[in-house]
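Work through the exercises below with the model open. Try each task before reading its solution.

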Amino acid sequence: MFEKTIAAISTPLQDGAISIIRISGNEAISIVQKLFSGNIFDAKSHTIHYGFIMDGNQPVDEVLVSIFRAPKTYTREDVVEINCHGGVFITRKILSLVLSNGATLARPGEFSMRAFYNGRIDLSQAEAIQDMISASNDTASKMAIYGIQGSVKKLLQPLIDGIMDIIAQIEVNIDYPEYEDVQQLTTSELKPKTKKWLEQIDQILQRSQSGQMYKKGIDTVIVGKPNVGKSSLLNALLDEDKAIVTDIAGTTRDIVEGKIHIGSLQLNLIDTAGIHQSDDKIEQIGIEKSQEKLSKAQLVILLLDGSSPLDSQDQMLMEMTKDKQRLIVYNKSDLNKHDGICISAKQHEIQPLLDAILNLYDQNLLIENPVLSNERQIGLLMNAKEDMERAYQAMEIGMEPDLVEIDIQMAHDHLKEILGEVHREDLLDTLFSKFCLGK
């Protein structure tokens, strides 16, 4: 399918122990043979060979050359990987020799694109490969490995099969109405199947949207009145002095952010300016930013002064956050007069808060149930749901099944597009262009 043999550096271009130059295509072995001191023409697949890369009669580097013969390779083409010493100059020198002997420099993601077009992986698996590279926490990496193993296709296949059964039955009714042994499919029979299918979609969407939150980290805002200890709590969670802490109320006037990992959870922490009435214009800007962050927060840590009764400002914050996923935390545990989660931010005694966060989220959800891995997939699944909802609404008003089929077919196509079995070339170009060079 692809005429050109491509090559690229597949390791970070910086000084290190080793670098890998990857070559894929019909001429991969012959191109490297021109440069390699050993004989690899007849080498068996999945073997490694020691020798030197040569520039004419001059050795360039001592290397190991790995041979992978089609079709049992990442791209389903012949693939050669040159493992050389990890200097930037040497790595570029070897790549230059490979290119000058007939290879073309690969575009970002072109190896994975070839794997997709050659049927080695579907589009969801390709995206999972990039997700594995960019994973920043345990949950993201687990989701990625499930995706690489084909969990998305396994998740969607029952939905696709269900739609195909409905479409096939409608088509048989349209094409062969005279056959007595063909069951006549009516809207009364079709509606329960459609409703059950929509219920399955809702379950997958709910899990997948939660999965995105786990994967990217939970946007967590720390709120409280001025000088209650928000910055001290942020520093305790991050285990570093990132936020300025003083006894002066209103010290934090801008947003301070950081990331932490609790078990397999990632929290994207935001310390906000104390929310209260202020005549200070600069402080008021900080308060407005805090309110904006609060409106978008997925988790709110409402920090209260445990040494004193709740006042009007505390009550205002309780009201502002009542509809959010929140944890109410009392600071100054040594003086605490309240029941609940009690900590001492200044002394870094925050284990009760960490335990509460872990108890709040079911980390086994993604381990036990596969989910969709990104917004593109979720968006297409939502499109499929909308298609089927239109079909169901049409059946509600008595429209015949053959007239409803167009919406059902669109739902089918949207599901197949998640896997790349229905696709647009411009979309694929954009998607793979975001991949690493050499992947």
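The exercises move from the whole chain to a sheet, then to single residues.

This is a predicted model: local features need pLDDT of at least 70, side-chain atom pairs count only at pLDDT 80 or more, and totals for chains, interfaces and linings use all residues. Residues are numbered from 1 along each chain as its sequence is written, and side-chain values use heavy atoms, with hydrogens and water left out.

**Exercise 1. Trace the open sheet: what is the order of its six strands?**

Step 1. Read across. The order is β3-β4-β5-β2-β1-β6, with mixed pairing (strands pair if DSSP finds at least two bridges between them).

Step 2. Find the edges. β3 (47-55) and β6 (104-105) each have a single partner strand, so one side of each has no neighbour in the sheet.

Step 3. Zoom in on β3. It pairs with β4 (residues 58-68) in the antiparallel sense, over nine bridges. Ile-48 has Ser-66 in β4 as its bridge partner. Met-54 stands opposite Pro-59 in β4.

Step 4. Close the hairpin. Two residues lie between β3 and β4, and Gly-56 in the turn has a positive phi of about 70 degrees.

Step 5. Helix α2 (residues 88-100) lies across β1 (6-9), β2 (16-24), β3, β4, β5 (79-86) and β6, at about 150 degrees to β5. Helix α3 (residues 110-117) also packs on the sheet, touching β1 and β2, and makes about 135 degrees with β1. Axes are lines fitted to C-alpha atoms, for helices over the stretch in contact; angles run from 0 to 180 degrees between N-to-C directions.

**Exercise 2. Examine the aromatic rings: how many aromatic pairs does the structure hold?**

Step 1. Count them. There are five aromatic pairs (Phe, Tyr and Trp rings, the last by its six-membered ring, with centres within 6.5 Å; planes under 30 degrees apart are stacked, over 60 edge-to-face, the rest tilted).

Step 2. Take one. Phe-2 and Tyr-117 are edge-to-face, at 6.1 Å centre to centre and 65 degrees between the planes. Phe-2 sits in the segment before β1 and Tyr-117 in helix α3, 115 residues apart.

Step 3. Widen the view. Ring pairs link Phe-2, Phe-116, Tyr-117, Phe-432 and Phe-435 into a cluster.

**Exercise 3. Classify Arg-376 and Gln-130: is each buried or exposed?**

Step 1. Start with Arg-376, in helix α13 (residues 375-396). Its relative accessibility is 18%, so Arg-376 counts as buried.

Step 2. Turn to Gln-130, in helix α4 (residues 123-134). At 15% relative accessibility, Gln-130 counts as buried.

Step 3. Compare sequence with space. Gln-130 and Phe-435 are 305 residues apart in sequence, yet 6.3 Å apart in space, C-alpha to C-alpha.

Notes. Helix = DSSP H or I, 4+ residues; strand = E, 2+ residues; numbered from the N terminus. Contact = heavy atoms within 4.5 Å. Buried < 20%, exposed > 50% of the residue type's maximum accessible area, 1.4 Å probe, protein only.
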